Amino acid sequence: MATNRKWGSETQLGRVRRARRMNRILAETYPDAHCELDFTNPLELLVATILSAQCTDKRVNMVTPTLFAKYPTVEDYAAADPAEMEGIIKSTGFFRAKTNSIIGMAQAVCAEHGGVVPGRLADLVKLPGVGRKTANVVLGNAFGVPGLTVDTHFQRLVRRFGWTEETDPVKIEHVVGELIPKREWTVFSHRVIWHGRRICHARKPACGVCPLAALCPSYGTGPTDPEQAAKLVRSGPFS
């Protein structure tokens, strides 16, 4: 049910407490939340994350087995024939740009990092095709370094939660970083993304079955009737 709280007068301390309660609820709702890209090492995750731009994880996971088998090392990517790689990743969209990014990234890793994917944000964001979001995905899931993955789901939800009105991903990252304990940044990102994919949809969120309803100032954006809302709930993997 909705609350009568005047969210506009919420203090920073109140927002921190509410955010951490919401995080606990998300942890109970999605105890298995994890990165939905398939990978076995930092290089594979870096490549998969580059491919995931404007593409679903499900589609990326359909492409990467062939890609990873053909290019098992960073040196293989660096020396790849662009046309061959484009043919493998075409279904992920923007395949020419992604091919250029992957080959450029690999060449930079070989030239500047001895062929080893770096484990520092400052180094990762200097690689072709790698921004803060991609870097944080790799750091959090391949290196165990806490990071917030500010993708489109994450941005939409934290604004709906009333945590920030910022639209710039870097500013959002800093605002949310003040609300959630650093040690939980990576898994919290997964929880939010899972919630955005399953319940808190962009066009029609399933408010009537949302476990965060009593703490969310955007309650009522979507159907509040439980039966109607339940029909909107989705489950992965996502196409």
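I shall go from the whole chain to one helix, and then to the pockets and the cavity.

This is a predicted model, in which local features need pLDDT of at least 70, side-chain atom pairs count only at pLDDT 80 or more, and totals for chains, interfaces and linings use all residues. Residues are numbered from 1 along each chain as its sequence is written, and side-chain values use heavy atoms, with hydrogens and water left out.

Let us begin with the overall fold. The protein has 12 helices and 0 strands. Here helices (H or I, at least four residues) and strands (E, at least two) are DSSP runs, numbered from the N terminus. Along its principal axes, the C-alpha trace spans about 60 × 35 × 25 Å. How does the radius of gyration agree with that of a compact globule? For 239 residues such a globule would have a value near 18 Å, and the protein has 19 Å, which agrees. That radius is taken over C-alpha atoms, and the globule rule is 2.2 Å times the number of residues to the power 0.38.

Of the 239 residues, 49% are buried; buried means under 20% relative accessible area, exposed over 50%, and partly exposed in between, with a 1.4 Å probe and protein chains only. Among contacts between residues at least 6 apart in sequence, 59% join residues at least 24 apart, where contact means heavy atoms within 4.5 Å.

An unreviewed UniProt entry carries the annotation "domain: HhH-GPD" for residues 51-198; such annotations may be inferred rather than shown by experiment, their feature names are shortened, and their positions are given in the numbering used here. Over residues 51-198 the chain is 64% helix and 0% strand, with its end C-alpha atoms 22 Å apart.

Now to helix 8. Which of its residues are buried? Within residues 132-142, they are Thr 134, Ala 135, Asn 136, Val 137, Val 138, Leu 139 and Gly 140. Their cover includes helix 2 (42-51), helix 7 (121-124), helix 10 (169-177) and helix 11 (185-198). After helix 8 comes Gly 144, with a positive phi near 70 degrees.

I turn to the open spaces. On a 1 Å grid over the protein atoms alone, a cavity is a set of points where a 1.4 Å probe fits but cannot get out, while a pocket is an open set with protein on both sides within 12 Å along at least five of seven lines; lining residues have an atom within 4 Å of a point. The largest pocket has a volume of about 690 Å³. Among its 29 lining residues, Cys 55, Asp 57, Asp 151, His 153 and Arg 197 are the closest to its centre. Helix 11 gives the largest share of this lining, 5 residues.

The second largest pocket has a volume of about 180 Å³. Of its 13 lining residues, the closest to its centre are Arg 132, Asn 136, Pro 146, Glu 173 and Trp 185. Helix 8 and helix 10 are the elements that give two or more residues to this lining.

Finally, the whole structure holds 1 cavity of 30 Å³ or more. A volume is the space filled by probe spheres set on the grid points, which are joined across faces, edges and corners. The largest cavity is lined by 14 residues, with Cys 200, Pro 205, Cys 207, Cys 210 and Cys 216 nearest its centre. Thank you for your attention.
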